[in-house]
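Work through the exercises below with the structure in view. Each task is followed by a solution in steps.

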Amino acid sequence: MRALQWVGVNELEVGTVPDPTIEHPQDVVVRVRRTVTCGSDLHLLGGYIPFMRSGDVLGHEFVGEVVEVGPEVRRHAVGDRVVVSSFIACGRCWYCTHELYSLCDNGNRNPAITETLWGSAPGGCFGYSHAMGGYAGSHAEYVRVPFADVGAFAVPEGVDDARALFASDSAATGWMGADLGDVGPGSTVAVWGAGAVGQMAAAAAVLRGAERVVVVDRLDDRLEMVRTHVGCETLHDQRDDVGPALLEMTAGRGPDVCIEAVGMEASGGPVEDAVDRVKQQLRLQTDRPSAVRRAIYHCRKGGTVVVLGVFAALTDGFPLGALMNKGLTLRSAQMHGQRYIPGLLDLMARDELVTEHLGTHVMSLEDGPRGYDLFKRKADGCVRAVFVPGGDDAA
């Protein structure tokens, strides 16, 4: 089959790889109908997560059709259209039974790497390096889905692929941000980052009844997309004086919940950004945390900061003093998709959650390297590049 492969730092190519097969009785094989880029993929592409091997297939956010079913699968049959959680979880361990699916004890086939790096291993993730299990990704014609009864979900008939696709990861991650922040009626929320996850976090806050939601970014086209499709306020990270503006919006306190949706390659002010980049290149730190810093500084006293962006290991200049002295709660996680996807599909079926606008560039899988180039450079208004294996419906 054809697949988009990582072959080196900032090098991708479309090649031929073996078709996946049933390896475990709880597996299914899915024919990929649509798969989409994610900002966290850029960390792999740029070599910031050093556990990739040449030939690894990228991609972890997808919708498809079941074409083969393992003998112990009970919830799915050949022909089912499914959206699959990006994180792989067994459904039976202590973490899964507490709905902490991305922390599954059995989803990661290579736990020693992250046990050494972080003290313990999270679950596995499609197409996200050998540190996260070494699973083949979804930027391919077919993909093997382990623990399919736990991680794959039937797509309602009225929800098309373009919308259901984003339940796999982006919408679930955004909803988790609002959930971890306990956003509800009366909450004031600020979100850093107007990419797909940031927009979905803002949309989740709105749907959960927040009194006021504002998204901060530096790209005008993304801020316009937020205003059009989410219907909340925006601030430009460079032209607006964000701190005073947030205080004015919140009676001088600051937002109740600040959600960071950028990750380890965030850009700050000119001096801060230069220092962070030098430290990162010299391996004095692995991550650039400017969006996290802002979320902590601008959150109200006693508020909650939620980190949704992916971070690898170490960061410098973390404002621990502000976090402690302001009495903030800091929460974060990889996405517990199995907890959120069913509810998100219901919202999509009722047209209460719209996501298809995020797929700004739809193209064939063979155009995958070009799609990632557009996505990385944020060129031509690209928020997400969507790949259609086989080229059907590609534009």
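**Exercise 1.** State how many helices and strands the protein chain has, and decide how its radius of gyration compares with the globule rule.

Solution. In this predicted model, the protein chain has 14 helices and 18 strands. Buried residues make up 58% of the 395 residues.

**Exercise 2.** Find which parts of the chain the salt bridge between aspartate 27 and arginine 144 ties together.

Solution. Start with the distance: the closest N and O atoms of the pair are 2.7 Å apart, and the cut-off for a salt bridge is 4 Å. Next, place the residues. Aspartate 27 lies in the loop between β2 (11-16) and β3 (28-36), and arginine 144 in strand β9 (residues 142-145), so the pair ties together parts that are 117 residues apart in sequence. Both aspartate 27 and arginine 144 are buried.

**Exercise 3.** Locate the salt bridge between arginine 377 and aspartate 373, and classify each residue as buried, partly exposed or exposed.

Solution. The closest N and O atoms of this pair are 3.0 Å apart. Arginine 377 and aspartate 373 are four residues apart in helix α14 (residues 368-377), and therefore about one helical turn separates them. For the classes, exposed means over 50% relative accessible area and buried under 20%. Arginine 377, with 52%, is exposed. Aspartate 373, with 38%, is partly exposed.

Key: Residues are numbered from 1 along each chain as its sequence is written. This is a predicted model: local features need pLDDT of at least 70, side-chain atom pairs count only at pLDDT 80 or more; totals for chains, interfaces and linings use all residues. Side-chain values use heavy atoms; hydrogens and water are left out. Helices (H or I, at least four residues) and strands (E, at least two) are DSSP runs, numbered from the N terminus. The radius of gyration is taken over C-alpha atoms; the globule rule is 2.2 Å times the number of residues to the power 0.38. Buried means under 20% relative accessible area, exposed over 50%, partly exposed in between (1.4 Å probe, protein chains only). A salt bridge is a side-chain nitrogen of Lys or Arg within 4 Å of a carboxyl oxygen of Asp or Glu.
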